[in-house]
Amino acid sequence: MKIPVKNTNGQDQGELEIQFQLVEGGRGTQAVHDTVTAYLANQRMGTACTKTMGEVNGSGKKPWRQKGTGRARAGSFASPLWRGGGVVFGPKPRDFGRKVNVRTKQLALRKALTERINAGEVIVVEDLKLDSHKTKGFVALLQQLNILDKTVLVVTAGLENNLRLAVRNLPQVELTTGQGLNTYEALRQDRLVFTRGAFEQVEARLQKD
């Protein structure tokens, strides 16, 4: 399968033969689900922490005698029923991380890219080197590619400084590299814009056993 390559003016500059095997049909759907859920789980900090009744700072003295006061029985200032007392079944620090093997990750990324390519949501440009770090220059490029009103993931072979500075003021645009691209990023935005070098990096990753 071939995909057209454009220049920064939106004009065709030839075609690029896709080197990795596309995933057709229902195969790979579960791999995508497992990979994305694992990625999101691994982003969780898991640092929420509450004190139990035994960890609350304070005296262990009984607030008042058991009988004769007319008040309800009370055995501790740290009771969960009291303000400032312990928390029952509250969160404790934990690791939410999940592991996914390399082959599953590769299958998931191939499946995600296959779906995006078949839907016409992948754009490959020859290069994205900007003469200036100003945002308006990159906005003009998005206009030429007719994707200004879309959320966009830009994938380059390396993080070029002018491009990084030009993109950071655009909330609908994210930037990554061909080596760092993952399945979640490949599915999240409306359009994927690859440089030729970045697309070749991704192909090389997906061809590894």
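N146 is found in the loop between helix 3 (135-144) and strand 4, where helices (H or I, at least four residues) and strands (E, at least two) are DSSP runs numbered from the N terminus. The model is a predicted one, in which local features need pLDDT of at least 70, side-chain atom pairs count only at pLDDT 80 or more, and totals for chains, interfaces and linings use all residues. Residues are numbered from 1 along each chain as its sequence is written, and side-chain values use heavy atoms, with hydrogens and water left out.

**Loop residues with positive phi**

- N146 is not a glycine, yet its phi is positive, near 60°.
- At 65% relative accessibility, N146 counts as exposed; the term exposed stands for over 50% relative accessible area, buried for under 20%, and partly exposed for values in between (1.4 Å probe, protein chains only).
- F89, in the loop between helix 1 (29-42) and helix 2, has a positive phi of about 55° although it is not a glycine.
- F89 is exposed, with 84% relative accessibility.

**Nonpolar cores**

- A nonpolar core is a set of buried Ala, Val, Leu, Ile, Met, Phe, Trp, Tyr and Cys residues joined through side-chain atoms within 4.5 Å.
- The largest nonpolar core has 22 residues, and F20, L113, V122, V124, L181, F194 and F199 touch the most other members.
- At least two residues of this core come from each of strand 1 (2-6), helix 2 (102-118), strand 3 (122-125), strand 4 (152-156), strand 6 (191-195) and helix 6 (196-206).
- Another core, of 17 residues, lies apart from it and includes L128, F138, L141 and I147.

**V122 and R116**

- Leaving aside neighbours within four places in sequence, V122 is in contact (heavy atoms within 4.5 Å) with I3, R116, I117, L192, F194 and F199.
- R116 lies in helix 2 and is buried, with a relative accessible area of 6%.
- Not counting residues up to four places away in sequence, R116 touches E121, V122, A186, L187, R188, Q189, D190, R191 and L192.

**Nonpolar surface patch**

- F77, L81 and W82 make a nonpolar surface patch of about 340 Å².
- Accessible areas come from the Shrake-Rupley method with a 1.4 Å probe; for residues, only the protein chains shown count as cover.
- W82 is found in the loop between helix 1 and helix 2 and counts as partly exposed at 30% relative accessibility.

Definitions and conventions: Patches are made of residues with over 30% relative accessible area and no salt bridge: like charges are joined within 9 Å, nonpolar side chains (Val, Leu, Ile, Met, Phe, Trp, Tyr) within 5 Å. A salt bridge is a side-chain nitrogen of Lys or Arg within 4 Å of a carboxyl oxygen of Asp or Glu.
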